[in-house]
Amino acid sequence: MTDATLSREKPRNQWLDVWDQFRSHGGAFWGAIFFLLVILSVLLGPLIYPHDPTLVPTGRDFIRLKDMRPIYTALWDSGAKVSWAHPLGTDQIGRDTLARMLSGGQVSIAVGLAAMALSLFLGTLVGVTAGYFKRLDGILMRLTDLFLALPLLPLILVAVLLFREVLSATFGPEGGIFVLIVVLIGFTSWMQTARIVRGDVLALKEREFILAARSIGTPNRRMILRHILPNVLSPIMVSATLGIAQAIITESALSFLGFGFPPDFPTWGRLLFDAIDRMVLYPERVLWPGLAISFTVLSVNYIGDGLRDALDPRIRGR
Amino acid sequence: MLTFTIRRLMISVPTLLLISLVIFLLLELAPGDPMAQVPLTVPPEVKQKMREALGLGEPIPIRYVKWLVQFFWIEPLHLIDQMIGTGFAEDKLRVVSWQSRSPVMDIVYERLPQTLWVVGMSYVVGVLIALPIGIYSAYKQYSVFDQAGTFVSMIGFSVPPFFSGVLMIVIFSVSLGWFPSIYDTTHEVTDWASFKKQINQMFLPVMVLALQTTAQISRFMRASMLDNLNQDYVRTARAKGLGEAVVVMLHVVRNSMIPVVTVIALGVPGIFGGAIITEQVFKVNGIGQLLITSIQGNDLPTVQTLTFIFAILIVLFNLVADILYGILDPRIRYD
């Protein structure tokens, strides 16, 4: 008896409901934990882990440290060149693989988050503007259709080649390519968000609370920020997670095709690409970056799946 | 339906023109100079003349129109010439690659069969695997099979082809040695043994691309089946005593296929984009690989032509999807 009364008295917040539903989705919950772990380890890992990802040993150290196998190789091959100091081994010029994975992860995830933020901003801007202002709807949606009809991967490849030099001069070689890739991915992935947001805004505009807000003279800016945006937040959050996954994959694909970051500034895709030539002898150098990309994207996709369920009030509470 | 088709065709013309303009202007910014390979001893006047011979001296609008004429008029004429042996396009200037100095479309025709074999086959295989999976996992929703299907398609979404391809090579061609890791394009199918070899070398790239297709299409099929399974007409079909197989396979599947068919049509251009990466992994020299090498070699006419071919594919299959949807679902009437 006390249980029932207590639960009725407890104030329920909408986001608490969402969290409960999200937690009950096993894949999403573990996906979120895994993604947080990845972020934490690429942020804190380089501080704890003693090796410098860019340090190339010289002299006798070079021979001693290069082409080291991961520590687990010793399990089946007692003659393998392994060392506890380099748990995932080293590459052909003696750089520590784990240190490179950690710093590569920083870049990959930073690109994913930044590109997702840009594409969400553009998509929401276009979607809300098109849905809210009838005069702009036609032209903005034609623009969206045009972008959807462009062959994006070839154009991104061309654009990387065109603007790499210019941006490297302004932001430095690493900063330039970072800005370039984030902008390119952001500018080529906003269309789905824009379409979904526009549809939702069009539906919202017919609701009574919008009419009420308009009747008390709410200006357009406040209307959008106070009444429209909070109500289209759930589709935006779902596309955010899918956007991260897409951006990480696109960045790795670019690096894999040789159009991404420079070789001394590794990302997971670049590490994978560099390791392909030696994958017969050293399969682990392909395996670890590939697994890192795949599991990160998998976890983000599961988070998106769970969020979609959690944010949908028709499913929630079932 | 006919008016709709014609109207839709009319809209795609300006869309294509706009896309061609976007591609043209973007490539106009390219820093690449076809004269970069010419020795420094060649005097600048001569270089200027060579540049004009390549059609580079003129202002942008004229070059754009000339390129359009070359692509939409001279190239189709040339294709007709080759097919029925006429001489319409004999002395007309075609789009010429800066790298190989041969007409771009000739190179494309050379490369296209490889891409179509690998990409087309993988799409067919992917769809054929995806449909039964989608049907069964919707019919037994939340069963073990359904959960496993969800997991596999999540993997298909998440594992990028450049990793799954490399992984397959490491496992199947390096460790086990079952399949070759490099696609041999010179191989010709003449008898049973060479046919088996062709299947053998196509297996890995086709499987890698098919995994992506399967993941997407089986999800769509499942969702579409779930929408239909609770409809009234299904209950009616069962109520009048039809067998379960007839109800599911005839009534539900046919209705569920309507959105799935359009998704399949819409996915075709995307799979060509994915082929760029897969061709790079398995060293297939198709058009995706041609695109990469010509971008690296600053071969603008080839890049322009290929990018535009991709754009045409996208617009074309959007059109196909729209029309198919109208034909398959008589409730949808656009006009």
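Visitor: Which residues form the nonpolar patch on the surface of chain A, and how much accessible area do they have together?

Guide: Patches are made of residues with over 30% relative accessible area and no salt bridge, where nonpolar side chains (Val, Leu, Ile, Met, Phe, Trp, Tyr) are joined within 5 Å and like charges within 9 Å. In this predicted model, A:Leu40, A:Leu43, A:Leu44, A:Leu47 and A:Ile48 form such a nonpolar patch, with about 550 Å² of accessible area together, the areas coming from the Shrake-Rupley method with a 1.4 Å probe and only the protein chains shown counting as cover for residues. One of these residues, A:Leu40, lies in helix H3 (residues 26–48) of chain A, and A:Leu40 is partly exposed, with a relative accessible area of 46%. Buried means under 20% relative accessible area, exposed over 50%, and partly exposed in between (1.4 Å probe, protein chains only).

Visitor: What should I know about numbering and confidence before going on?

Guide: Residues are numbered from 1 along each chain as its sequence is written, and chains are lettered from A and ligands numbered from 1 in the order in which they are written. Because this is a predicted model, local features need pLDDT of at least 70 and side-chain atom pairs count only at pLDDT 80 or more, whereas totals for chains, interfaces and linings use all residues; side-chain values use heavy atoms, with hydrogens and water left out.

Visitor: How many helices and strands does chain A have, and how many does chain B have?

Guide: Helices (H or I, at least four residues) and strands (E, at least two) are DSSP runs, numbered from the N terminus. Chain A has 14 helices and 0 strands, and 49% of its 318 residues count as buried. Chain B comes to 11 helices and 0 strands, with buried residues making up 46% of its 335 residues, and its C-alpha trace spans about 85 × 60 × 40 Å along the principal axes.

Visitor: How do I read the packing of H4 and H9 in chain B, and at what angle do they pack?

Guide: Two packed helices are described by the angle between their axes and the distance between the axes. Here the axes are lines fitted to C-alpha atoms over the stretch in contact, and angles run from 0 to 180 degrees between N-to-C directions. Helix H4 (residues 104–139) and helix H9 (residues 244–282) of chain B pack at an angle of about 145°, with their axes 8 Å apart. By class, their contact has 17 nonpolar, 2 polar and 2 charged residues, where Ala, Val, Leu, Ile, Met, Phe, Trp, Tyr, Cys and Pro count as nonpolar, Asp, Glu, Lys and Arg as charged, and the others, Gly among them, as polar.

Visitor: How many salt bridges does the structure hold, and where does B:Asp322 lie?

Guide: Side chains of opposite charge can pair when their charged atoms come close. A salt bridge is a side-chain nitrogen of Lys or Arg within 4 Å of a carboxyl oxygen of Asp or Glu, and the structure holds 9 of them over all chains. The side chains of B:Asp322 and B:Arg8 meet in one of these (2.7 Å, N to O). B:Asp322 lies in helix H11 (residues 300–328) of chain B and B:Arg8 in helix H1 (residues 2–28) of chain B, so the pair ties together parts that are 314 residues apart in sequence. B:Arg8 is buried, at 18% relative accessible area, while B:Asp322 counts as partly exposed, at 25%.
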